[in-house]
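Here is my note on the model you asked me to look through. Please keep the viewer open while you read, and take the points one at a time.

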Amino acid sequence: MTAVRAGDERICYFRDDGRILSLPESELEPPGPDPRDLASFFKTFQWGTPRDFYARFTFMQTIARWHEASDGLPAFLGARVRHFGHQIYAARRVLTDRVPRFILADEVGLGKTIEACLVLQALLARDPKMSVLVIAPGSMSRQWLTEIYLRFGARPFTHLAAGKSGRVSPAEQRRLLRARQIIVSTTALLETPGLRRTLAEREWDLVVIDEVHRILADHEVFAWVQNLSERTKGVLALSATPSKRDVAGLLDLLRLVAPDVYAEKGEGHLQQRLAERREIWARLNTTAEILEACRQSSEWPPQEEIIDHVCQDWRSLLAGEPEVERLLAGARQGRPEALEDLVAYVQEYYRVDHRIIRTRRRTLDQLGTRFARRQLQVLPYEPDVSESLLADALEHLPLPDRPGLAQQTLRLIYHRMASTTPDLCGELLGHRAAALALGPQGDAEAIARALASDPGAHEEGELLRDLLRATPPLPDERRWLESARGLVREWGRHKVCARHQALLVYLQQLLAEDRTCKVLVFTQEREVVGSLVETLQPWFPRGAVAGFHHELENSQQEEVALAFQRSPALRILVSDESGGEGRNFQIATQVVHLDTPVAIGRLEQRIGRLDRLGRAEDRPVVSVVLQGPGSAERTLQRVHTTIFEVYTGSIGGLEFVLPWLQARLCEGLGRGTDVEEWVSSLRETVSAARTAVNQDFERSLDSTLDQLQQAKSLCEVLTEENDKGASNAVTHWLSALGIQRYVENGHLGFRWKHDSLDEKLPGFPESSAGNAQGTFDRTEALGNESLQFFGPGHRLVDAAVATLATSTKGRATILARRLGPAHQRRMFLLLVAAVEVEVTPVDGQSVSVGLQIRAHRYLSPEALTCCLSIDPDASERIRVVHDLELEKALQRVYRREDGDQEMDSLQGSGADEFRSLWPAIDEAVTAGIAFIREKRAAIHADARERLAEEMRAEMGYFRGVLGRGETDEIESARRELALRERLLQGVAQARVEPCAVALVVGI
């Protein structure tokens, strides 16, 4: 195409096809700069302001510090949690693997949810549009919603709970189901098969399944979950660990995370795999015990004959394994620590499956972690006559000869209501009487199964009402109800029920004896929360008692929780089960169980609000249990106390079989007959499960002490890191993008209108406006959860990081600066560059995010600089600046108060001929990149060696697999080995790419 001026300020364009296009000159726009060609910003006269350039530069420097401080995972710095080594180890293990498909199987109470959230935060930081589905029990689903938002980057997930679909319009339901990040309760999946179909039609990048051991094998949703996992890129299954005897359960778990390996193979294949490694695990356990004994008896290093004996055993067992041979040689040559490295190596690479990550309390104890003791205090009370008569009437409530699950559950509900209040109990009995008059409505058995799925507090109320309407009548239930309602009316004549009165007296005495203690009181019913708060408030100072329940707005819940955590005045918090959903109420001295849930998991959740990692060893977790007149309640408390021992110890070791044990408990209580027989049987079953632990098998699953120790060291760095300087860097870059900073009530905030932004914010909807208020101070964020934590991993901060690659802001600028008399009227170029690691694919598979993260551990995205002088008229137009003081002067941030001046043109600069200046800038950029590459060559080589050392053991293992010719693993080992070799090559040959440039004129 050619152009000719046609007069009247019009331009005629003669197209190659013969057509003529005439346009006013005022409508023409010059071509924009090419971000890959920094000189093009000058050639097109479209350079930006110095403030934007230095905002980009300082933000890049800040990101580099984050990477360096976090071993390549900056999102860990932005997690609003107290870091623990085993959690960092688990999250790193997932994130640095080629594919994030793992079973997180730490013992109960060690923070599997936090581990999964650390993974989520890091992955969403890299790709905010990643589609994520979290499947969790109803009692835990709101915890996930809260945890992700409050502690892991303020990311708003969509929450789908049972009954919710019936409360929104079809259009709103479709909108909810289109969300990219969803949390759905297992109760909702059970209740609504259509929801399962809709979610299965979506393609998900990551599926997280919490408490997956509850839905294995013959569970109604297991086949759906299994099908979903086969079509999903990443899967995190949070689960208890099955025992060595439960091969079927272990196989179900492995099929979820590794369907390509286990989907077509039955128990026989896994049994064979376990048998092949049994001798290795036995030798592993023996060697570890020998080394532990030597350490504890101060006989270190071990005697030479012990080392020889251990080496001989392993040489005969794993002959030809390169890494084993290397470690054994080291032990024989006077380095006995090599045997500890051998234990770690075998534990890591000869475990049941590398996709299982598990840490036990016993392992953490070896690293010095101490746990608070649990204690039980029973608080019996004297009921009034009507309450005792009601408890007796419940014992005589008959069941049919072959009751269904719904009828058994109904009987349990009656017992549960007898430990509430007369008003609530009477209301429930009235609903049931009305339902009997109308006849059964609904699928009672399906509702009962949903109730057994551990629904959340917000789901349970609806399900209870549905069960009252749908359950077929019990024998002579109408007559029984009439009598029971009369007893409840009599019970209600007392102003305060005896249970509440007993608790009041206990709390008065406790708080009088200890002026600082705080008490957390749990009840299953939201209505009881309000009733008890009304009973307690008149007897304590104003503001000393508060209620917490699922019907409060999220902001109200946060306000109450924060007050209990921080205000000395608020000493008693009464909560329904929603208070057990992941809250940190570690400040409490005691947890009071006003009633006793049938679900062991609920009790564990309640106690877990106090019994958390980090609680001082000398602060026991005291459970106070109210004991009423009902024999069913007393039996339940006896089971929890003497069989499951949940009040005095962790239920670790029972988790995997807990769903089955829970079903037996419910059945026994629901039937109400042969109590001693089923209690005795349950006791034997639990005892057998506890004693069935095989130490060889358990050690083969455990995390290695060496890796946990390394992660613990990283934790110390993460905890100490509090980069307050990041506040200015992030704020200035956000300002460059068009986001306004403000301060309100002493706290920093950001607000924006999307139509005024210069760049779209990845991860944010293109709505009319956005707002976020919080802090960059980690210490303040940990102490005040009402503020967002603006650290790496926060959605706004991550969006700012992403715009560095897409925005033209700050790519190029021209400014005048006082550089001293020697440099007046001279021109300098400040070049900013970054390192990029490029790896060629293997068999069509590119290097995964996980392996890239490992590379960034040793080759972090630094803001590399080179300063050059430019003289377009000289024979040597470009020179690299080696004067450190001049480099500092060129790199310092832009400040008008120091005399810095923004330049719209180069008039008076001594460079009148633009035609000679732009090629000089091109030349300077090329020379600067060459200089940086030369200077970085040794650094890249060192990074490659350090990465090779980190991967040495795993690459040795893959070479061993190839050498042994294990046909079912050989192809995978070949590919994994090749990807790592390509990664090492990519690190050694990492590219240096220009990012931004500033032309600085000395004045």
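The numbered points below go from the whole chain to its sheets and then to its helix pairs.

1. **What you are looking at.** This is a predicted model, in which local features need pLDDT of at least 70 and side-chain atom pairs count only at pLDDT 80 or more, while totals for chains, interfaces and linings use all residues. Residues are numbered from 1 along each chain as its sequence is written, and side-chain values use heavy atoms, with hydrogens and water left out.

2. **The whole chain.** The secondary structure comes to 38 helices and 26 strands. Here helices (H or I, at least four residues) and strands (E, at least two) are DSSP runs, numbered from the N terminus. Along the principal axes, the C-alpha atoms fill a box of roughly 105 × 80 × 65 Å.

3. **A seven-stranded sheet.** In what order do the seven strands of the open sheet lie? The order is β6-β7-β5-β8-β9-β4-β10, and the pairing is parallel. Two strands pair if DSSP finds at least two bridges between them. The edges are β6 (158–160) and β10 (356–357), each pairing on one side only. Strand β4 (residues 101–104) runs parallel to β10 and is joined to it by two bridges. To find this place in the viewer, look for I103, which stands opposite I356 in β10.

4. **A four-stranded sheet.** Another open sheet has four strands in the order β17-β18-β19-β20, with mixed pairing. Its edge strands are β17 (740–744) and β20, each of which pairs on one side only. Strands β18 (residues 747–753) and β19 (residues 769–775) pair in the antiparallel sense over six bridges, and W752 stands opposite G770 in β19. By contrast, β19 and β20 (residues 788–789) pair in the parallel sense over two bridges. Here G774 stands opposite Q788, and T775 has F789 as its bridge partner. As background, strands of a sheet pair through backbone hydrogen bonds, either parallel or antiparallel.

5. **Helices α12 and α13.** Helix α12 (residues 267–296) packs against α13 (residues 304–317) at an angle of about 165°, with the axes 11 Å apart. Axes are lines fitted to C-alpha atoms, for helices over the stretch in contact, and angles run from 0 to 180 degrees between N-to-C directions. The angle makes α12 roughly antiparallel to α13; under 35 degrees counts as roughly parallel, over 145 as roughly antiparallel, 65 to 115 as roughly perpendicular and the rest as oblique. Residues in the contact (heavy atoms within 4.5 Å) include R283 and L284 of α12 and D313 and W314 of α13. By class, this contact has eight nonpolar, one polar and three charged residues. Ala, Val, Leu, Ile, Met, Phe, Trp, Tyr, Cys and Pro count as nonpolar, Asp, Glu, Lys and Arg as charged, and the others, Gly among them, as polar.

6. **Helices α10 and α12.** How do the axes of α10 and α12 cross? Helix α10 (residues 247–257) and α12 cross at roughly 100°, and their axes come within 10 Å. That makes α10 roughly perpendicular to α12. In α10, V247, A248, L250, L251 and L254 meet E267, L270, Q271 and L274 of α12. The contact divides into seven nonpolar, one polar and one charged residue.

7. **Helices α18 and α21.** Finally, α18 (residues 405–417) and α21 (residues 457–470) pack at about 115°, with their axes 11 Å apart. Among the residues making the contact are L410 and I413 of α18 and L464 and L467 of α21. Its residues divide into six nonpolar, one polar and two charged.
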